[in-house]
Amino acid sequence: MTSSQRARRTTRRVRIRTIRVAGLLVVIAAIAAALSHQLPASSSPTAFSPSTAPSRSTAESPVDRGRREGRGALGEADGAVPDGTTVFDHEVPGVANLDPALLGALRRAATDAAGDGVEFYVDSGWRSREYQERLLREAIAKYGSEEKATRWVATPNTSAHVSGDAVDIGPSSAAAWLSAHGAEYGLCQIYGNEPWHYELRPEAIDHGCPPMYADATHDPRMQR
């Protein structure tokens with residue numbers, strides 16, 4: 001074999017190797033492109049295999065699950081009051097569902113208090129039976145017994161909040177203003193342990209507010 005023949009054979013081998021390498025690179029590129037389209041779908045946190053897909057019970061929202069288990073968040077429709085609610089916010093059910101005479105007295109008092117630089121906020125007003133029941137359960141868990149809990153939270157059958165006849169007013173400056181002037185509007189603090197809790201006593205306008213009960217367990221209405 002002459003030197004020229006050996007040179008041509010070497011050149012041919014180099015060309016074959018180059019073609020093979022180029023072909024391999026094309027295959028690798030094709031595989032990489034295919035994987036790039038498949039990986040996002042298979043690694044997505046919202047993609048479930050049949051064995052891991054959530055059932056109806058495990059896929060429900062926290063609110064639905066909480067309501068089913070009896071500890072769900074109750075909203076404005078049940079009487080929950082957003083921060084900053086005033087006695088003039090008639091679109092809030094916790095205010096709108098108060099007894100009209102009570103609400104009217106509160107608005108007259110709030111208007112006059114504003115002249116003294118005091119603003120009334122509604123911490124709680126009307127409540128649904130469900131909301132009151134949940135508050136009672138929470139109080140029992142906190143205080144250890146229903147007997148102790150009802151010093152602070154009445155049952156749905158006896159609560160003046162459920163009937164729309166009671167309101168909890170804040171902040172402390174508003175409660176203090178009502179303590180001094182509330183009788184002029186027929187608004188009275190009912191329980192010694194709840195300086196925020198006010199109810200309407202129309203006779204107080206002429207005769208002053210009646211003596212307060214130490215707490216709700218001393219109120220004859222709570223014995224129903």
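Buried means under 20% relative accessible area, exposed means over 50%, and partly exposed lies in between, with a 1.4 Å probe and protein chains only. Cysteine 188 counts as buried, at 0% relative accessibility.

This is a predicted model, in which local features need pLDDT of at least 70, side-chain atom pairs count only at pLDDT 80 or more, and totals for chains, interfaces and linings use all residues. Residues are numbered from 1 along each chain as its sequence is written, and side-chain values use heavy atoms, with hydrogens and water left out.

Helices (H or I, at least four residues) and strands (E, at least two) are DSSP runs, numbered from the N terminus. Contact means heavy atoms within 4.5 Å.

**The disulfide**

- A disulfide here is a pair of cysteine sulfur atoms within 2.5 Å. By this rule the structure has one disulfide.
- Cysteine 188 and cysteine 209 are the partners, with an S to S distance of 2.0 Å.
- Cysteine 188 sits in strand E3 (residues 187-189) and cysteine 209 in the segment after helix H9 (204-207), so the bond ties together parts that are 21 residues apart in sequence.
- The torsion about the S-S bond of cysteine 188 and cysteine 209 is about -85 degrees, so this disulfide is left-handed.
- Cysteine 188 is buried, whereas cysteine 209 is partly exposed at a relative accessible area of 34%.

**Strand pairing**

- Two strands pair if DSSP finds at least two bridges between them.
- E3 and E4 pair in the antiparallel sense over three bridges. In this pairing, cysteine 188 stands opposite glutamate 199 in E4.
- E2 and E4 also pair in the antiparallel sense, over three bridges. Here aspartate 168 stands opposite histidine 197 in E4.

**Helix H8**

- Helix H8 covers residues 172-181, and its buried residues are Ala174, Ala175, Trp177 and Leu178.
- Seen down the axis of H8, these buried residues fall within an arc of 160 degrees, so they line one face of the helix. The arc is that of the directions from the helix axis to the C-beta atoms.
- Ser172, Ser179 and Ala180 are exposed on the other side of H8.
- The buried residues of H8 pack against H5, strand E2 (166-170), E3 and strand E4 (197-200).

**The nonpolar core**

- A nonpolar core is a set of buried Ala, Val, Leu, Ile, Met, Phe, Trp, Tyr and Cys residues joined through side-chain atoms within 4.5 Å.
- The largest such core has 23 residues. Those with the most contacts inside this core are Leu106, Phe120, Ile169, Trp177, Leu178 and Leu187.
- H5, E2 and H8 are the elements that give two or more residues to this core. H5 supplies the largest share, seven residues.
- Isoleucine 169 touches residues including Val87, Leu106, Phe120, Ala174, Leu178 and Trp196, not counting residues up to four places away in sequence.

**Aromatic pairs**

- Rings of Phe, Tyr and Trp (its six-membered ring) pair if their centres lie within 6.5 Å; planes under 30 degrees apart count as stacked, over 60 as edge-to-face and the rest as tilted.
- The structure holds four aromatic pairs.
- One of them joins tyrosine 143 and tryptophan 152, which are stacked at 6.5 Å centre to centre with 15 degrees between the planes.
- Both residues of that pair are partly exposed: tyrosine 143 at 32% relative accessibility and tryptophan 152 at a relative accessible area of 29%.
- The rings of tryptophan 177 and tyrosine 185 have centres 6.0 Å apart and planes at 35 degrees, so this pair is tilted. Tryptophan 177 and tyrosine 185 are buried.
- Ring pairs link Phe120, Trp177 and Tyr185 into a cluster.

**Two loop aspartates**

- Aspartate 99 lies in the loop between helix H4 (93-96) and helix H5 (100-115). Aspartate 99 is partly exposed, with a relative accessible area of 27%.
- Leaving aside neighbours within four places in sequence, aspartate 99 is in contact with Gly164, Asp165 and Leu200.
- Aspartate 99 and glutamate 199 are 100 residues apart along the chain, and their C-alpha atoms are separated by 10.0 Å.
- Aspartate 78 is found in the loop between helix H3 (62-68) and H4. Aspartate 78 counts as buried, at 16% relative accessibility.
- Not counting residues up to four places away in sequence, aspartate 78 touches Trp126, Arg127, Ser128, Glu130 and Tyr131.
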